Structure formats: structure tokens, C-alpha cells
Amino acid sequence: MTSWWRTAAIYQVYVRSFADGNGDGVGDLAGIRARLPYLADLGVDALWLNPWYPSPMVDAGYDVADYRDIDPTFGTLAEAEQLIGAAHAAGLKIIIDIVPNHCSSDHRWFQEAVAAGPGSAARELFWFRPGNGDQPPNNWTSIFGGPAWTRVADGEWYLHLFAPEQPDFNWANPKVREEFEDILRFWFDRGADGVRVDSVAVVVKDPELVDFEPDQPPYPHPYIDRDDIHEIYRGWRAVADEYGGDRALIGEIWLPDPERFALYLRPDELHTAFNFDFLSCPWDAAALRRCIDQTLDAHAPVGAPATWVLSNHDVVRHVTRYGRADTSFDHANRQVGAPSDRALGTRRARAAVLLTLALPGSAYLYQGEELGLWEVDDLPDGMRQDPIFARTGGADPGRDGCRVPIPWSGTEPPFGFSDGGTPWLPQPAAWTTHTVEAEDGDPGSMLTLYRTALRVRRDLALAETPMRWRDDLPAGVLGFDRGDVTFLLNLSGRPIPLPDRRILLASDAIGGELPPDTAVWLG
Ligand code: NOJ
């Protein structure tokens with residue numbers, strides 16, 4: 001048994017935007033397979049693939065129509081099996097994405113439920129209710145904007161915390177539980193090394209579906225982080241443990257309270273979860289230190305490893321965030337139109353990845369961050385596909401700006417992403433300097449920094465060594481020791497003198513001093 005997930009560097013492959021193998025402008029499994037050497041060479045340990053199942057793609061595949069197959073746009077089940085095998089041969093683990101809270105309205109169960117009518121067993125697998133005349137059964141709103149209820153032809157309403165095309169399963173029903181445990185086995189049997197679990201904390205609902213009262217204390221909440229949720233993930237852990245103990249469950253858990261968050265990581269529940277506090281944290285020494293301490297303090301009692309994440313397919317890319325006046329991230333306010341200084345954001349992003357990879361635990365990298373890609377915020381409205389855009393009437397542009405297909409080579413779109421196809425979202429012309437080809441071998445490129453940092457982290461087994469803060473540093477400087485290695489990040493706004501030590505790696509050119517927004521690993 002290996003606990004690879006405790007220290008792994010995991011690369012998130014956003015399937016539709018990674019590499020297009022069949023020339024239709026949408027990324028696919030053939031494209032990923034062809035690029036496995038790039039990923040192995042980058043130095044990551046595992047890949048997390050966003051949902052690849054048959055789907056109407058209302059929410060980019062988070063609306064799953066069949067959990068045991070592959071969408072034809074991406075490939076076939078046989079190709080998925082081949083990809084897992086090829087990744088293993090290249091030394092890479094594969095983490096798939098499972099969506100338990102909801103399916104697609106095209107899923108067979110939902111279609112049967114709609115057809116079977118009120119009072120049927122098929123409707124019991126979802127949340128169908130009569131409602132109050134023309135009013136929905138309660139006041140819940142969708143996370144994507146608008147009401148959380150939609151009415152079917154016979155007058156009943158069904159619950160969807162996300163888009164109307166994503167009906168919520170009723171997890172109080174044992175058939176739902178059995179079904180998902182079986183889906184886990186289906187993919188573990190095909191060699192998946194781990195599962196990223198979508199929207200972990202919202203799957204259990206108040207059985208009475210009581211109204212949400214914003215002025216009341218946070219717990220119990222009618223659908224977020226309810227106490228009886230944990231037994232579900234205990235069941236999932238038991239399934240993972242049937243496979244010898246090296247299959248990992250990784251939770252997508254957005255919760256403000258680090259102690260409640262850590263409850264999901266008890267030894268008989270999920271193995272790890274994304275650290276969104278770190279992702280959301282402003283670029284500030286005191287805030288980062290507080291976040292790191294809180295993270296480590298919350299994880300220690302449950303014995304789970306911390307994780308460190310800067311970006312993913314749901315958030316504004318961090319080159320852009322770190323170049324803004326307000327460097328924090330908040331789903332409720334994506335700071336649409338806020339100016340961003342790209343050079344500054346890039347400088348900070350370089351320092352941030354050295355911080356991320358110096359911390360104890362596992363690290364998640366989102367495709368394209370190793371190239372220094374920024375948020376594409378000038379996509380034409382007509383091309384935006386994220387349901388958030390339409391459901392907020394355009395007030396929130398949604399998440400397409402971080403999902404643009406990544407540039408591989410050449411000097412113009414599609415930048416080697418597709419052979420002949422038009423990328424499903426347009427790539428900025430300025431990415432000509434940010435292709436893999438352009439950055440490969442350039443000592444000053446983001447790609448070279450990532451490759452070097454991942455190699456040094458692996459060689460020194462940095463992720464495993466205990467960490468100790470240094471308290472002998474000027475204000476605004478973050479620093480800690482990992483065994484013989486010292487990490488320093490200068491957030492003070494002024495250059496600081498550097499100790500006379502060997503420089504293992506620096507985020508930018510340095511002389512005898514460490515400039516602002518620069519990080520260094522000292523040996
Ligand atoms: C979280 C996923 O990361 C996001 O992309 C998706 O829209 C929601 N869950 C709903 O599944």
C-alpha cells in the first residue's frame with residue numbers, strides 16, 4: 001500500500017480544453033494520451049480529469065447522463081481504459097471526477113421519474129414535491145442563480161441546487177447510495193487511482209425541506225454540511241478500502257469553518273480535500289500565515305494531509321487575481337472588470353507556486369498555470385457557455401475565462417491545441433509567447449520554473465518533511481524551514497537581505513537581496 005495522495009503533485013486536466021486529438025475543436029482522451037510524455041516530463045505524480053461522462057454539457061459535464069460511460073466527444077470507454085493504462089505506464093496516477101449531488105436531466109433515472117408521475121418510486125430518487133400553488137416548495141435558490149426548483153408538466157416541482165438540467169438526487173434513498181458505491185467500484189475496477197468528489201457538502205438535505213433563513217445561525221443549514229452526511233462518505237471509504245488502501249477520495253468542500261471541513265477527513269471518510277481557503281487568501285504575509293496555520297491545525301487532529309491549490313476550472317486564474325488591487329477570491333464577487341497588472345500578477349504567481357510546492361502535503365496544479373496563463377476576460381458574450389452567465393442575466397460572466405483551450409505550439413490559434421479544429425472557446429493572440437513550445441527550454445519561463453520546482457520538491461522529498469516557521473525575519477516576510485531547506489517569500493514591498501546560503505531555486509532573478517514578491521528555496 002502507498003499513500004501517494006499524501007504528498008502528490010496533481011495536475012488537473014480540464015478535458016475539453018487540454019488537447020484535441022480528433023480535430024473537432026474540443027479536447028479529448030486521444031489528445032490527453034498523446035500528451036502524457038509532456039505531463040510525465042513536467043514532473044507531476046497524478047492527473048485529475050474533469051467529468052468525461054456522456055452529458056448534454058449544460059454544465060460542462062457536471063450534468064452526468066451515464067456514470068459508466070464516456071461522452072463520444074471525448075472518446076469511448078475502451079479509450080478511457082487505455083488512457084488509464086498508458087498513464088500508469090508513464091508513472092502517472094489517474095483521478096476521475098464523480099458527481100453525487102445531481103445528475104443530468106437526461107439521466108435514465110430522471111427521465112423515468114418524470115414519466116412515472118407523482119407518488120412513484122422513481123420520483124423518490126430525486127426531490128419532487130407538489131409546491132404551493134404556483135410557488136415552489138421552499139425559498140431555496142440555485143447556486144448558479146435563480147430558483148432551485150423547476151416544475152414538470154404534471155405540476156410537481158423538482159429540486160436542483162445548480163442548473164435546472166441538474167436534478168438533485170435524494171440521498172436519503174438507499175438505492176442512490178447503492179448506485180454510487182457501485183459506480184465507485186466500476187471505476188476502481190478499471191484502474192482509477194482516485195476520485196475527486198464533486199460538491200461534497202451539499203448532498204444531504206433537510207427532510208422537511210425547510211426554508212433557508214439567512215439571519216439564523218449557520219447550523220443546521222437546510223442543505224449545507226448537515227451532520228448526517230458523514231455516513232455516506234464512510235460508505236465510500238469502505239469501498240475504496242476494498243482495493244488495498246491506495247485508492248484516494250478527494251473532496252471538493254467549500255466550507256468556511258476549518259474544523260467542520262476537517263470532519264470530512266477523519267480516518268474513515270475522505271482522504272484529502274481541496275484547500276480553498278488557500279486559493280481564496282489575499283496575497284498578504286499575515287493572511288497567508290494565518291491560512292497555513294489554520295490549515296495545518298485543522299488537519300493534524302484527523303491525521304489527514306493538507307492540500308494546496310491556487311487555481312481550478314471554477315475560479316479566476318491566479319495570474320489575474322494576483323495582479324489586482326484586491327487579490328482575494330470570492331465566488332460571490334468575481335471582481336468583473338477589475339484592472340489587473342499582468343506583470344505583477346505573473347511575478348506573484350511565480351512566487352506563489354514556490355510557496356505551494358514548499359508546503360507539507362499534496363499540491364494541485366490547474367492546466368495552463370504552468371504556462372502562466374491568465375483569465376481570458378474578453379470572450380464574446382455569445383460564446384460563453386457557463387450556465388452562470390445566462391442564469392445571472394450576464395451580471396456574472398461565469399467561469400469560461402479560465403477554461404479556454406491551452407496553447408501548445410505555433411504562433412497563432414489554435415496553437416497546436418487542435419489539428420484543424422476551431423477551439424470551442426477562442427484563444428487570445430497574445431498566447432503566442434505562452435505556448436509550451438515557446439516556453440520549453442527558456443530559463444526564464446514559467447514552464448521551466450514549474451519543471452524545476454517539481455523536480456527539486458521530489459528529489460528532496462520536500463512534501464514529507466516537517467515544517468517550522470522562522471520568526472527571525474523582517475515584517476512582511478514569510479519563511480519556514482523544511483529540514484535543511486529554508487523557504488522565504490518577500491511580501492514586504494522592500495528588498496530584504498538574503499542569508500549567505502545556497503540558492504536552490506528562486507522565483508525570479510535575485511542578487512544578494514530578495515526583491516518584493518519573490519520567493520526562494522535555500523539549501
Ligand atoms: C463543482 C464543480 O467544480 C463545478 O464546475 C460545477 O459546476 C459544480 N460543482 C456543480 O457540479
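User: Why is D241 called partly exposed, and what makes R237 buried?

Analyst: Relative accessible area decides both, with buried meaning under 20%, exposed over 50% and partly exposed in between, using a 1.4 Å probe and protein chains only. D241 has 41% relative accessibility and therefore counts as partly exposed, while R237, at 12%, counts as buried. The model is predicted, so local features need pLDDT of at least 70 and side-chain atom pairs count only at pLDDT 80 or more, whereas totals for chains, interfaces and linings use all residues. Residues are numbered from 1 along each chain as its sequence is written, and side-chain values use heavy atoms, with hydrogens and water left out.

User: How do you know that D241 and R237 form a salt bridge?

Analyst: The term requires a side-chain nitrogen of Lys or Arg within 4 Å of a carboxyl oxygen of Asp or Glu. For D241 and R237 the N to O distance is 3.2 Å, and their side chains meet in a salt bridge. Both residues belong to helix α6 (residues 230-241), where they are four residues apart, about one turn of the helix; helices here are DSSP runs of H or I with at least four residues, strands are runs of E with at least two, and both are numbered from the N terminus. Side chains of opposite charge can pair when their charged atoms come close.

User: Which parts of the chain does the salt bridge of D314 and R399 tie together?

Analyst: The side chains of D314 and R399 meet at 3.0 Å, N to O, in a salt bridge. D314 lies in the loop between β10 (307-309) and α10 (318-321), and R399 in the loop between α12 (387-391) and α13 (436-439), so the pair ties together parts that are 85 residues apart in sequence. Both D314 and R399 are buried, and they belong to a network of salt bridges that also links D59, D386 and R403. The whole structure holds 37 salt bridges by this rule.

User: How many salt bridges does the rule find across the interface of domain 1 and domain 2?

Analyst: Across that interface the rule finds zero salt bridges. Domain bounds come from an automatic or database domain assignment, which divides the protein chain into domain 1 (4-99 + 274-449), domain 2 (108-159) and domain 3 (468-522). Domain 1 and domain 2 bury about 430 Å² between them, 52% of it on carbon and sulfur atoms, where buried area is the accessible area (1.4 Å probe) that two parts lose on being put together, summed over both. D59, I388 and R391 supply 74% of the area that domain 1 buries against domain 2.

User: What makes helix α14 mostly covered?

Analyst: Ten of the 14 residues in α14 are buried, among them M446, Y450 and R457. This helix (residues 446-459) reaches 20 Å from its first C-alpha to its last, close to the 20 Å expected at 1.5 Å a residue, the expected span being 1.5 Å times one less than the number of residues.
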